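Hi,

Here is the structure I said I would pass on. Please open it first, then read my notes below.

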Amino acid sequence: MRALLLGAWLRAGRGLPRAPGSGRRHREHRGHSGHSEHRPQAPLRQKVSVEVLQHLEHLALVDFRDAEGVERLQKAIQFADQLHEVNTDGVEPMDSVLEDRCLYLREDDVTEGNCTKELLENAREKVEEYFVAPPGNIPLPKLEEQETFLQGSQ
Amino acid sequence: MAALVAVAARGCGGLWRRARQRGAGQSGPGPGPFPRGQRGVACNARGGAVPAGKSGLAPWVPVVGLEIHAQISSNSKLFSGSQVQFAAPPNSLVSFFDASLPGTLPVLNRRCVEAAVMTGLALNCSINKKSLFDRKHYFYADLPAGYQITQQRVPIAVNGSLSYSLCIDSKMSQMVTKTVRIKQIQLEQDSGKSLHDDTRSQTLVDLNRAGVGLMEVVMEPDMCCGEEAAAAVRELQLILQTLGSSQAVMAEGQLRVDANVSVHHPGEPYGVRTEVKNINSIRFLAKAIDYEIQRQIEELENGGTILNETRAFDSKLGCTVPMRDKEGKQDYRFMPEPNLPPLILYDAKSLPANMNHQQVINIDWIHERLPDLPSVKRKKLVEQYGILPEHSFTLLNEEGLAEFFESVVKQTQMKPKKVIGWILKDLLSYLKQHSLTVKESPVSSFVLADLLNLLEKKEISSTAAKQVLAELWKGEGKTPLEIVKEQKLELLQDQKELEQICQAVIDGHKNEVMAIKAGNPKVLNKLIGLVQKKTQGRSNPVLVKQLLEKKLSG
């Protein structure tokens, strides 16, 4: 059931950022649509708007900013939409196949850690014993720039 | 008494006035529709609505709710066996699970569950015998999994309450007790820490804190000012420390408070609320909330609107500023945690017979072993020793002070009511002045009791006792009696000698004697003082007074 979330979320249009005074931006991104096979059972497919893209980028701190990225996202949604073909009427949602098992309780002992070196071996960048990440609180590129980019990439 | 001031309150009314004046000063002649001086704020420590000013304008009702994250005091993390420790070398306390490496799974720490149950019971919550774990998603560099395991749907404890007291006058003599409802307590993981390097535009990530167990205590919006919130948080802090479920040291981030603040007119729905974060001391908590209430009132009265936003408290500027959220308006995409079955707790009735006891958490068993909570301890102190309620607050406010007091009482003949003065006025103010904890006191309870016994047996005067105490602070290991002997501070036991000194004082101060005889008895105090001076504080003032009176009436 979980894989439904992305598709459902996009369809419901939840959490879309409403940039103040950005009325002109409220148009859908054109292109990248209608090139997969028709699925009558699936609900109406929604194109990925610039706002949705920006919101996703914001949430995930990743960069979709090329045509390939947009297409990949669209396909992922279509893939997830297949789940709507399963009839779940009257079926109680299941959290996990483990939900009737006992939850094992561990004693409060220190048994792990002290492996800084091994951990940092996986890091692309590090400073001393720290992982290095891109600055998190810096605004992503402005929406206008993205629009320019997306239009240019069509 | 200084200790109590930091926490409890003067009552909100006075505070609002001060804040208003400052606000007015800052913003100059405001274009607001209402004269500032006549603004009414429906909040005082008694909780009643304060009538609006003379203009009859509707008063404002501030509403404050708190979300408090308390780090669980445990050896290892919530779902992994790595150590919990403050200020360790970066990334040294990180397991593969904490770093979210593929193939790792969470294994729940029994101690963390017990700490949450204890806390829930102490806060009068119902403990859910079945609670669930959920994933809360957000992307941030110090959250390597991209989600936090928390308890969103069914938390471990719900529907509790917390009683707290605060002073409602500046003399700290009138206290009022209030109650805030506890909505829920949930178990969840802490995140790592990010260090932002602005110049090189990068973030350094330390995952030592990632996965440490937290209890999130969610309070209902039952408070109406910063002082109330501060008093509630202080009481919660004391309870957590008494239980040992959290060390709750705010400066080390073991207790983190977010405040939801809104204002509305009575009878109207609650206003739009803001969330104030970055509050790292109880004092700043009160300041931040009061500032935010004031800011919202001014904004609304100037025709503005309140945005549902997160604001940070800037302790240097003493104000709240809008904070760029981690991701703006969030969609946390909650989902059930698939790797953790429901958490089942038992009580005496539901306890299964054939289960490994290490896998059983028995709520009743924990309940029976709860220590005396601060409110009970205070009540006992008041009943047992006849001290004032506000003194019991001060005693519990300093770690170890109540024990110190009780230990002194046990070792001295002096009445507890008198001992408390020495504890609060002399010991505590000395410790505060020198930023010492009770444990670090250079004078032990044994030595102080020794000194108070000398005073009680009338071997020294209280002036002399203070002199001895001043000497004892030096911590040179001398006993009070040694100091008394060394500095010749014993009370003059020789009545004749004392009489001679009194006579000498009378003879040398004819004017004063005339004044007394003319019917001004207050001047007698001056003569007593002179005798005291002559004897270097070694005379019993009661006795001196009697002697002088006798001589003057003769």
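Start with R333(B), which is partly exposed at a relative accessible area of 25%. A few terms will come up again: buried means under 20% relative accessible area, exposed means over 50%, and partly exposed is in between (1.4 Å probe, protein chains only). R333(B) sits in the loop between strand 15 (319-322) and strand 16 (335-336) of chain B. Helices (H or I, at least four residues) and strands (E, at least two) are DSSP runs, numbered from the N terminus. R333(B) is not a glycine, yet its phi is positive, about 45°. Most residues other than glycine have a negative phi.

Before you go on, note that this is a predicted model, where local features need pLDDT of at least 70, side-chain atom pairs count only at pLDDT 80 or more, and totals for chains, interfaces and linings use all residues. Residues are numbered from 1 along each chain as its sequence is written, chains are lettered from A and ligands numbered from 1 in the order in which they are written, and side-chain values use heavy atoms, with hydrogens and water left out.

N114(A) is another non-glycine residue with a positive phi, about 55°. Look for N114(A) in the loop between strand 1 and helix 4 of chain A. N114(A) is exposed, with a relative accessible area of 70%.

Chain B overall

Chain B has 17 helices and 17 strands. Of its 554 residues, 53% are buried. Contact means heavy atoms within 4.5 Å. Among contacts in chain B with a separation of 6 or more, 68% join residues 24 or more positions apart. Chain B is divided into domain 1 (66-336), domain 2 (374-487) and domain 3 (495-553). Those bounds come from an automatic or database domain assignment. The C-alpha centres of domain 1 and domain 3 of chain B are 64 Å apart.

The cores

A nonpolar core is a set of buried Ala, Val, Leu, Ile, Met, Phe, Trp, Tyr and Cys residues joined through side-chain atoms within 4.5 Å. The largest one has 75 residues, and L66(B), V113(B), L187(B) and L343(B) have the most contacts inside it. Helix 4 (residues 226-243) of chain B gives the largest share of this core, 9 residues. Apart from it lies another core, of 40 residues, including Y385(B) and F405(B). What does V113(B) touch, not counting residues up to four places away in sequence? The list is L105(A), L108(B), I156(B), L187(B), L343(B), L345(B) and I361(B).

Where the chains meet

Chain A puts 44 residues into the contact and chain B puts in 58. Together they bury about 4,400 Å², with 59% of it on carbon and sulfur atoms. Buried area is the accessible area (1.4 Å probe) that two parts lose on being put together, summed over both. L103(A), L105(A) and R106(A) supply 18% of the area that chain A buries against chain B, more than any other three residues. How many salt bridges cross this interface? The rule finds 0. A salt bridge is a side-chain nitrogen of Lys or Arg within 4 Å of a carboxyl oxygen of Asp or Glu. Polar contacts are there, with 19 residue pairs between the chains (both at pLDDT 80 or more). A polar contact is a pair of N or O atoms within 3.5 Å; within protein, one must be able to donate a hydrogen and the other to accept it, and residues adjacent in sequence count only if both atoms are side-chain atoms.

A buried threonine

T150(B) is in strand 6 (residues 147-150) of chain B. T150(B) counts as buried, at 1% relative accessibility. Its side chain makes a polar contact with the side chain of Q186(B), at 3.4 Å.

Salt bridges

Over all chains the count is 27 salt bridges. E471(B) pairs with K474(B), the closest N and O atoms being 3.2 Å apart. E471(B) is buried at 14% relative accessibility, whereas K474(B) is exposed at 52%. K551(B) bridges to E499(B), with the closest N and O atoms 3.7 Å apart. This pair links distant parts of the chain, helix 17 (residues 541-553) and helix 14 (residues 495-508) of chain B, 52 residues apart.

Best wishes
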